Amino acid sequence: MEGKSYQRFPKVKIREMKDDYLKFELRETDASMANALRRVMIAEVPTIAIDLVEIEVNSSVLNDEFIAHRLGLVPLTSERAMSMRFSRDCDACDGDGQCEFCSVEFHLRAKCHSDQTLDVTSKDLYSSDHTVVPVDFSDSAGYDSSENRGIIIVKLRRGQELRLRAIARKGIGKDHAKWSPAATVTFMYEPDIRINEELMDTLTFEEKRNWVDSSPTKVFDIDPNTHQVVVVDPEAYTYDEEVIKKADAMGKHGLVDITAKEDSFIFTVESTGAIKASQLLLNAIEVLKQKLDAVRLSDDTVEADDQFGELGAHMRGG
């Protein structure tokens, strides 16, 4: 009925989980909640990234700004980002953004002393905090550590040198992509596929094979024993409607009915490595809860500011 609301209790079911990959189902909710969760994972979950670079010596072929930009894009382990302060809100350093509560200091010193080119990588960055270091991709990529020393920042020839100090701070992807913890976050509606068995029985084996082959992805197959068309992987369907067009071309309108379940979504999440994919989901849910609480408290501005600070003001458009 119009104007009537229903209380929903979304459910999450994990299908596959790795450090940098997560696939899960979100059920008993609608597209607005699914898209809100996707957008929060991309742009609202905080991480730590290099935000200030002070270069002492740079005789490489890359200019200072280029190197600073490359350093900012190096993903850093950010498990403690949720508990850190935003530099703009830090009262310990009056917003300077260079104290232990809101920043982490890095140093890099490299000089080439041989005729062989020296690769300066993310592993040459030395952190003041052992919990915040450049992400190590050597194990996950399947490379031997001697072959993959990290993300290349610059290459030095004999006599060239690079010395710098860098400050990493907490931020979110909405401010700059370097703070986004997600490489990819996508979701799709779970398809509901129903075959009209009576119409299907009127087809010859060759017609069934042609119809099954009309799908660009392997959604259907023919049972070798019963010669019946079966759905083998409904989630492989890409809503291209090729099988529906093929059925219409064969004069079998209504051979298959494919609809999207409006309350069931399948998410695929890939992390940059800054935080684990599973932790990314948990942090996104926590941030989404905070934003919803800020909306509920928006009428009481004093209470909202006390509890949520800038987030409360931001939700009111301040």
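Q: What do the buried residues of α1 pack against?
A: They pack against β2 (21-27), β9 (182-195), β12 (256-271) and α7 (277-296). Keep in mind that this is a predicted model.

Q: Which residues of α1 are buried?
A: Ala-34, Leu-37, Val-40, Met-41 and Ala-43.

Q: And how far apart are the end C-alpha atoms of α1?
A: They are 18 Å apart. Helix α1 covers residues 31-43, so it has 13 residues, and at 1.5 Å a residue it should span 18 Å. The two agree.

Q: OK, zooming out. How many helices and strands does the chain have?
A: Nine helices and twelve strands.

Q: What share of the chain is buried?
A: Of its 318 residues, 37% count as buried. The chain exposes about 17900 Å², and carbon and sulfur atoms supply 48% of that.

Q: What about contacts between residues at least 6 apart in sequence: what part of them join residues at least 24 apart?
A: 71% of them.

Q: Now the largest nonpolar core. Which residues touch the most other members?
A: Leu-76, Phe-106 and Leu-108, out of 23 residues in that core. At least two core residues come from each of β3 (47-58), α2 (64-72), β4 (103-111), β7 (152-156) and β8 (161-171). Another core, of 20 residues, lies apart from it; Phe-24, Leu-26, Ala-34 and Leu-37 are among them.

Q: What does Phe-106 contact, leaving aside its neighbours within four places in sequence?
A: Its contacts include Leu-76, Leu-125, Tyr-126, Val-132, Pro-134, Leu-164 and Ala-168.

Q: Is Asp-129 buried or exposed?
A: Buried, because its relative accessibility is 16% and the cut-off for buried is under 20%.

Q: What does the side chain of Asp-129 make a polar contact with?
A: The side chain of Arg-80, at 2.8 Å. Leaving aside neighbours within four places in sequence, Asp-129 is in contact with Arg-80 and Val-104.

Q: Last topic, backbone angles. What is phi of Glu-28 near?
A: Near 60 degrees, a positive value in a residue other than glycine. Glu-28 lies in the loop between β2 and α1. At 42% relative accessibility, Glu-28 counts as partly exposed.

Q: And what is phi of Tyr-239 near?
A: Near 55 degrees, again a positive value in a residue other than glycine. Tyr-239 sits in the loop between β11 (229-231) and α6 (242-249). Tyr-239 is partly exposed, with a relative accessible area of 34%.

Key:
Residues numbered from 1 in each chain as written. Predicted model: local features only at pLDDT ≥ 70, side-chain atom pairs only at ≥ 80, totals over all residues. Heavy atoms only, no water. Helix = DSSP H or I, 4+ residues; strand = E, 2+ residues; numbered from the N terminus. Expected span 1.5 Å × (residues − 1). Buried < 20%, exposed > 50% of the residue type's maximum accessible area, 1.4 Å probe, protein only. Contact = heavy atoms within 4.5 Å. Polar contact = N/O pair within 3.5 Å; in protein donor to acceptor, adjacent residues only side chain to side chain. Areas by Shrake-Rupley, 256 points an atom, 1.4 Å probe, with all protein chains shown as cover. Core = buried A, V, L, I, M, F, W, Y, C linked by side-chain atoms within 4.5 Å.
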